[in-house]
Amino acid sequence: MGPGLFWNFPPKAGCTVPQSLLQTMLLSRMAGMKEQQFTEEKPLLPEKRGVDSDMQVKGEEAPGGPPCPVSPAPPNQPPTPSRPTHRWHVIARHWLRQTRRRTSGVLPESCEQLMPAGDWKEHDIETPYGMLHVIIRGAPKGNKPAILTYHDVGLNHKLCFNTFFNNEDMQEITKHFVICHVDAPGQQIGASQLPQGYQYPTMDQLAGMLPTVVQHFGFKSIVGIGVGAGAYILAKFALIFPDLVEGLVLLNIDPNGKGWIDWAATKLSGLTSALPDTVLPHLFSQEELMNNTELVQSYRQQINNTINQFNLQLFWNMYNSRRDLEMNRSGTVLNAKTLKCPVMLVVGDNAPAEEGVVECNSKLDPTNTTFLKMADSGGLPQLTQPGKLTEAFKYFLQGMGYIAYVKDRRLSGGPVPSASMTRLVRSRTASLTSASSMDGSRSRACTHSDSTEGVGTVTHTMEVSC
């Protein structure tokens, strides 16, 4: 039959095309299709053809039934346009097949899973101390460091950093860097249970896994963002491999190991409470726990449902068995060793780690350390105050020379930076020099995002509340 003829299906023939399908497709797609112009009908690729191919001219066979009969064209049919009339049920079935292909699988559980396919890539990297689960986006760009994160105990990279990295201003920063999220062994969502008798890596060994990650992806260096246990691990990594670390943002870090009394109290709490209720006081302030805020309730449920409890118990035990970080401010003890890179310490007011962060500040070089205490942020500032923390991180990178300028959001009608943050950026930009650090043992040539001008370190510590 010639191309000018078209098929006309009798309304009550033996075709078994589902009525519900036609109703759904007509409501959602038919109106738009009627206005669409096709110059010709193109058949599906050969590998996609089947018994229900769009170009079958001998009728379509529905599942469980005979082929749909085809009625002959009326003898007095007038000439038709150059395009054939749409066979709506064929188009509907084809659209449904394509939709099923695109939407097959489970529904996403986080914002990160909604990102474009191929944007984030998962890797399981074998290290000297076991396998490590890593999520990465982007590729190394010149001499720019990668932004590497490490989560706290009781969390994983999604629970710990999704809110922070999904912040609009943070995305403006991170699009210029490769991002690498590290999950501690067995802590990622969907992780299988570690075998009985498995010896969980010590905190020193967890830090010793990171050089393999850096080497695997070809990073020149990193800027680390760590929370709690992750901050301890990144600080230990920077002490052992200082040349691989450009800067550190450490939230809720406690550089001290637990004493016998604290160790016994933790053991007793573990015997009388469920594991999530044992971990929550480490993450949230007493005020948040007493008020049983929505955030606390949500994280209690997610810690219980998304993280393997056996694996979490191993990580929790190892963190509570940590030793003191062996670092002291220069001049306080003989052969003092401390972090040589720029450091920003962050803690929320009334956070359980507040004393530990203050203790850590006393052990760091005041020429390249910033202490940021955030008001009304509870135990996890990256969750409760992601905007303020993003602003501080932006200025921190600017001080290192990786952001040439800070955009004034007043020009776009956005919120104006707080006075404390303005003081922070002024203190940083006013104190930049082209010299190396105080002891002269570490020189650093930082590269601007659009400049090659060298920038040195910050000359003093500044404590800021915001």
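**Figure 1. Buried residues of helix H12 in the predicted model.** The buried residues of H12 are Asn311, Leu312, Leu314, Phe315, Trp316, Met318, Tyr319 and Asn320. The helix runs over residues 309-320, and its 12 residues reach 16 Å from first C-alpha to last. That span is close to the 16 Å expected at 1.5 Å a residue.

Figure 2. With neighbours within four places in sequence left aside, isoleucine 225 is in contact with Ile147, Leu148, Thr149 and Tyr150, among others. Its contacts also include Phe161, Phe164, Phe165 and Met170. Leu234, Val249, Leu251 and Phe393 are likewise in contact with isoleucine 225.

**Figure 3. Aromatic rings in the chain.** The count of aromatic pairs comes to 8. In the pair formed by phenylalanine 237 and phenylalanine 241, the ring centres are 5.6 Å apart and the planes stand at 45 degrees, so the pair is tilted. Phenylalanine 237 is buried, with a relative accessible area of 1%, whereas phenylalanine 241 is partly exposed at 29%. Phe161, Phe164 and Phe165 form one aromatic cluster; these three residues are also among the contacts of isoleucine 225.

**Figure 4. Valine 134 in strand S2.** Strand S2 covers residues 130-137 and contains valine 134. Valine 134 counts as buried because its relative accessibility is 0%, under the 20% limit. Valine 134 and cysteine 180 are 46 residues apart in sequence, but their C-alpha atoms are 6.9 Å apart in space. Leaving aside neighbours within four places in sequence, valine 134 is in contact with Lys121, Glu122, His123 and Ile125, and also with Cys180, His181, Val182, Val213 and Phe217.

**Figure 5. Threonine 367 in the loop between helix H13 and strand S8.** The loop holding threonine 367 lies between H13 (354-362) and S8 (369-374). Threonine 367 has a relative accessible area of 12% and is therefore buried. Its side chain is joined to the side chain of aspartate 365 by a polar contact of 2.9 Å.

**Figure 6. Helix H15 and the glycine just after it.** Helix H15 (residues 386-400) has 15 residues, which should span 21 Å at 1.5 Å a residue. The end C-alpha atoms of H15 are 21 Å apart, in agreement with that value. Of the 15 residues of H15, 13 are buried, so the helix is largely enclosed by the rest of the structure. Just after H15, glycine 401 takes a positive phi of about 100 degrees.

**Figure 7. The chain as a whole.** The secondary structure comes to 16 helices and 9 strands. The chain has 466 residues, of which 45% are buried. Among contacts with a separation of 6 or more, 77% are between residues 24 or more positions apart. The accessible surface comes to about 23,900 Å², and carbon and sulfur atoms account for 53% of this surface.

Terms used:
Residues are numbered from 1 along each chain as its sequence is written. This is a predicted model: local features need pLDDT of at least 70, side-chain atom pairs count only at pLDDT 80 or more; totals for chains, interfaces and linings use all residues. Side-chain values use heavy atoms; hydrogens and water are left out. Helices (H or I, at least four residues) and strands (E, at least two) are DSSP runs, numbered from the N terminus. The expected span of a helix is 1.5 Å times one less than its number of residues. Buried means under 20% relative accessible area, exposed over 50%, partly exposed in between (1.4 Å probe, protein chains only). Contact means heavy atoms within 4.5 Å. Accessible areas come from the Shrake-Rupley method with a 1.4 Å probe; for residues, only the protein chains shown count as cover. Rings of Phe, Tyr and Trp (its six-membered ring) pair if their centres lie within 6.5 Å; planes under 30 degrees apart count as stacked, over 60 as edge-to-face and the rest as tilted. A polar contact is a pair of N or O atoms within 3.5 Å; within protein, one must be able to donate a hydrogen and the other to accept it, and residues adjacent in sequence count only if both atoms are side-chain atoms.
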